[in-house]
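Please look first at the sequence and the structure, and I shall then go through selected parts.

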Amino acid sequence: MVVASIPNQPHQFSIPKDNHGKNPEIDFGVKEQECISLVKTCRSMDEFKKVHGKIIKLGLFWSSFCASNLLATCALSEWGSMDYACSIFRQMDDPDSFEFNTMIRGYVKDMNSEEALFTYLEMLEVGVEPDNFTYPPLLKACSILSAFAEGAQIHGQIYKMGFVEDVMVQNSLINVYGKCGRVKRSCAVFRQMDHKTIASWSALIAAHANLGMWKECLRLFSDMNWEGKWRAEESTLVSVLSACTRLGVLDSGKCTHGYLIRNLTGFNVAVQTSLMDMYVRSGSLDKGMSLFREMGEKNRKSYSVVISGLATHGHGEEALKVFEEMLERGLKPDDVAYVGVLSACSHAGLVEEGKKYFDRMRIEHRIEPTIQHCGCMVDLMGRAGLIREALKFIKNMKIEPNEVIWRSLLSSCRVHQNVELGELAAENLFRMNTRNAGDYLNLCNIYAQAQRWQEMSITRVKMASSGLGQEPGSSSVEVKRKVHKFVSSDTSHSQCDEIYEMLHQMEWQLKFEGYSADTSQVLFDVSEEEKRQRLSSHSQKLAIAFSLINTSEGSPVRIVRNVRMCSDCHTYTKLISTIYEREIIVRDRNIFHHFRDGNCSCKDYW
């Protein structure tokens, strides 16, 4: 008997090499099956080690069938150990492709992708030929590492080995290129496939979702359904729901929800959370909260979605109640949950509560503040007009303030007309060379409000000389599953004449409600009449007029803006909600505004 010592491994086995399974008193076929059955019943490493010891004692380890089962069980079971599996692997005289594949899969499962790649290199070095089962886990390792170069090299080897038409390998290639941001290559592999599967479609949709190509996600999902022979996987539907969420297309989201109900018997937590997120972030808070309350199992992410959603809809106090409910259920908050909590305090003007939760996060839950948490605190104080206190907080931050921090302070200076600190915030942004036109425009707005036209002109010249263009403010509305986008003074829409006629009717009605345009929002040195003219055709007003023409009486109007709403549009929309008895839901860059009966959910604090 010899002791086989394994270099750099924590385990040693005493293996009776002199036996080699030749004891005539033992029926090895029966014993093999008995031991393999025992291996399959193991539920812990302690149980596994006992069975392993029995196999060694009987001299069955040298049976390749028995050793392969031992290795696979140890490497791939949830309770397994890759260190121990490696010890078994190193004892094997001539491991073949099955054993190497098992080790690669085990390392990927164990999130040790580098070792998976090293194992593949060793496989090639010792002359073991890979098969079609080698490449899917190997490419998954490249996906986890975002290792494009390695993935492309392996793609070349796949060609040489003749596995380029294997469906599992092709699906893995789509996935690895998608995860590495090379979606054109994913599309190329997909187009070359003779036999696509639902996994092929799922991988391609996920590749586009990974790059935020949300419209393409919805188009591909539509193409897949048009073929009529695929039933989408849950992971695909999560990507589709994310696309609906990002685009703010509630009707498409509802259709996807209907698809889920028709094709799945039950939803897992991930799908339920994505559904809830879609409704909340598309402006349908009540539906999102209803789904949340109906969930049997809730996790930390579910609570974080609801807390963040309530915050952006202006229900800060309710968001804090949900957070406390989460704690009562024994769920430990993470940094994401606290971003939602601090945002809720910021949007609702709960300054003291925000400070208390910031301290509680650090002291009670021992979460180090990230730049997002610090940004929430600057926003909290800035919105409340505590701009000098916000600046003091920035100076005392342990983290170097980034552009988001200074931009938040600059925005607060614009709202509260603080020229001095606005210039300071802008200087820091320009020093960072962020090349963001919005920073110049915010500073221009501050100067315009102070009627410092010369400084405003100089700033605009600097912006132009830097080659920065201004993104026009726009408002989008979804009608009959088609998104219509408007910019200020837009005349490009096919219903242009009807829209402006409706605007005229709306203005006539508004006169009886005492509406007077807030011309201070036009930050140009022009006449009052021209200011009123500019305000009258803001993109949001055009979108509202279009919606009133094209949607049924009493139905809600949902609008998505790409910039913050001006105070004139805010007042205008409150009055329109009363005149036309409509709920108007507007999502701007910061929060949702629910206009109903002349009031807004933000309570005029945004």
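I begin with a right-handed β-α-β unit, made by β5, α30 and β6. Right-handed here means that, with the strands pointing away from the viewer, the path from the first strand over the helix to the second runs clockwise. Helices (H or I, at least four residues) and strands (E, at least two) are DSSP runs, numbered from the N terminus.

Before going further, a word on the source: this is a predicted model, in which local features need pLDDT of at least 70, side-chain atom pairs count only at pLDDT 80 or more, and totals for chains, interfaces and linings use all residues. Residues are numbered from 1 along each chain as its sequence is written, and side-chain values use heavy atoms, with hydrogens and water left out.

Helix α30 covers residues 567–579, and its 13 residues should span 18 Å at 1.5 Å a residue; the expected span is 1.5 Å times one less than the number of residues. The end C-alpha atoms are 19 Å apart, which agrees. Several α30 residues are buried, among them C569, Y572 and I576. Buried means under 20% relative accessible area, exposed over 50%, and partly exposed in between, with a 1.4 Å probe and protein chains only. Just after α30, E581 takes a positive phi of about 50 degrees.

Now to the strands. Strands β5 and β6 (residues 584–587) run parallel and are joined by four bridges; two strands pair if DSSP finds at least two bridges between them. V560 stands opposite R587 in β6. In β5 (residues 557–561), V557, I559 and R561 form a covered face, whereas R558 and V560 form an uncovered one.

On which strand does β5 pair in the antiparallel sense? That partner is β3, residues 474–479, with three bridges between the two. S476 has V560 as its bridge partner in β5, and V477 has I559.

Is β3 itself buried or exposed? Six of its six residues are buried, so β3 is largely enclosed by the rest of the structure. Strand β4 (residues 482–487) runs antiparallel to β3, with six bridges joining them, and K485 in β4 stands opposite S476. The hairpin of β3 and β4 has two residues between the strands, and K480 takes a positive phi near 55 degrees there.

I turn to charged pairs. The structure holds 20 salt bridges, each being a side-chain nitrogen of Lys or Arg within 4 Å of a carboxyl oxygen of Asp or Glu. One of them joins D277 and R281, at 3.4 Å from N to O. These two residues are four apart in helix α15 (residues 269–281), and therefore about one helical turn separates them. D277 is buried, at 18% relative accessible area, while R281 is partly exposed, at 32%.

Another salt bridge joins R300 and D334, also with an N to O distance of 3.4 Å. R300 lies in helix α17 (residues 300–312) and D334 in the loop between α18 (316–328) and α19 (335–348), so the pair ties together parts that are 34 residues apart in sequence.
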